Amino acid sequence: MIKSKAKIAILATGGTIAGVAGSQISSVGYTAGVVGVKELIEAVPEIENLAQIQTKQVANIDSSNMNDEIWLKLIQEINSCFKQGIDGVVITHGTDTMEETAYFLNLTLKHHKPVVLVGAMRPSSARSADGPKNLYNAISLATDKNAQGKGVMVVMNDKILSARAIVKTHTLNVDAFSSLNFGDLGYIVDGKCFFYNEILKLHTKQTPFDGEKIKTLPKVDILYTYSNDGSGIAAKALFDNGAQGLVIAGSGAGNIHENQKKVLKELLKQGLKIVLSTRVAQGQVMLSEEDIKLGFISALDLNPQKARILLILALTQTKDIHTIREFFQKY
Ligand code: SIN
């Protein structure tokens, strides 16, 4: 019996994978989000052997400009694909904020079927563009039966990375992503997927956040701490501007300069929810008993940009600090 090919949808959002530079030698100074999804797949005719492909251009942006509207639109598009019987979804995306979109979807989608984000570090016009092979690998992963139920994944440079663990760790190299604190989920060799790790944090159907039902997202911002920190003034301005939550990229295991902390203590009393993450790449935040009593919430091992996403989603459900702390333990 002839086995029918998997049905895969490619949702394109832009990024360097769809970028074009002035010369084939340039891998910097290009414009991201130029080439359309049809051209992207024409560059990889071998995709035809893997799956029946349908495509949609959801956006065509540099992912540093990612926003809530596109995130919510992606949820609608992905849900509509699965309702139509699609077997897996591949999202082409800029690498700058890829870890944020991946984690947002990881917490808000309700499917076991594979959702895979893919990008490139070199524009599509570059001599050794990495996009085409990354795209081939991403489609292979989306058709792989073993990819079911693993949460949202990212494929870059032959690595399979989970949305929970992935962090961008290089600004230019094609090997730009790592799974800090966890390890990669697996590896892809010419389209063959090998899994060798699992992430125990909960995702997709295991979370209480249903993206389909979310209409708007609360404002949550991020501030750094640093020597001679003068950002207390910014914290107050963000709160006055409607921020319901703030994530602090603390120093070390979650410390904040006393200048900023003085202001934050006042804002906690006024109802601002403050999650303490760290500027350090690996390890986790350990709050003092005093900071816990003051109302600070530990991001544990989540970096500031991902802690922001979990706090946003938490605030769509609750203002209760104990429940928010539980979410940080679980997801
Ligand atoms: C972007 O994130 O859209 C530009 C950078 C990249 O994709 O590598």
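How many nonpolar, polar and charged residues are there in the lining of the largest pocket? The lining has twelve nonpolar, six polar and six charged residues, where Ala, Val, Leu, Ile, Met, Phe, Trp, Tyr, Cys and Pro count as nonpolar, Asp, Glu, Lys and Arg as charged, and the others, Gly among them, as polar. The structure is a predicted model, in which local features need pLDDT of at least 70 and side-chain atom pairs count only at pLDDT 80 or more, while totals for chains, interfaces and linings use all residues. Residues are numbered from 1 along each chain as its sequence is written, and side-chain values use heavy atoms, with hydrogens and water left out.

The largest pocket holds about 380 Å³ of space. A pocket is an open set of points on a 1 Å grid over the protein atoms alone, where a 1.4 Å probe fits, with protein on both sides within 12 Å along at least five of seven lines; lining residues have an atom within 4 Å of a point. Grid points are joined across faces, edges and corners, and a volume is the space filled by probe spheres set on the points. Of the 24 lining residues, Val167, Val280, Asn303, Pro304 and Gln305 lie nearest the centre of the largest pocket. Two or more residues of this lining come from each of strand S7 (166-168), S11, strand S13 (273-278) and helix H9 (304-315); helices (H or I, at least four residues) and strands (E, at least two) are DSSP runs, numbered from the N terminus. H9 gives the largest share, three residues.

Strand S11 (residues 220-224) contains Leu223. Leu223 is buried, with a relative accessible area of 11%; buried means under 20% relative accessible area, exposed over 50%, and partly exposed in between (1.4 Å probe, protein chains only). Beyond its neighbours within four places in sequence, Leu223 is in contact with residues including Ser231, Leu238, Ile248 and Gln260, contact being heavy atoms within 4.5 Å.

The whole structure has nine salt bridges, each a side-chain nitrogen of Lys or Arg within 4 Å of a carboxyl oxygen of Asp or Glu. One of them joins Glu77 and Lys56 (3.1 Å, N to O). Glu77 lies in helix H3 (residues 68-83) and Lys56 in strand S2 (residues 51-61), so this pair ties together parts that are 21 residues apart in sequence. Glu77 is buried at 15% relative accessibility, whereas Lys56 is partly exposed at 40%. In another salt bridge, the closest N and O atoms of Lys236 and Asp240 are 2.9 Å apart. Both residues, Lys236 and Asp240, lie in helix H6 (residues 232-240), four residues apart.
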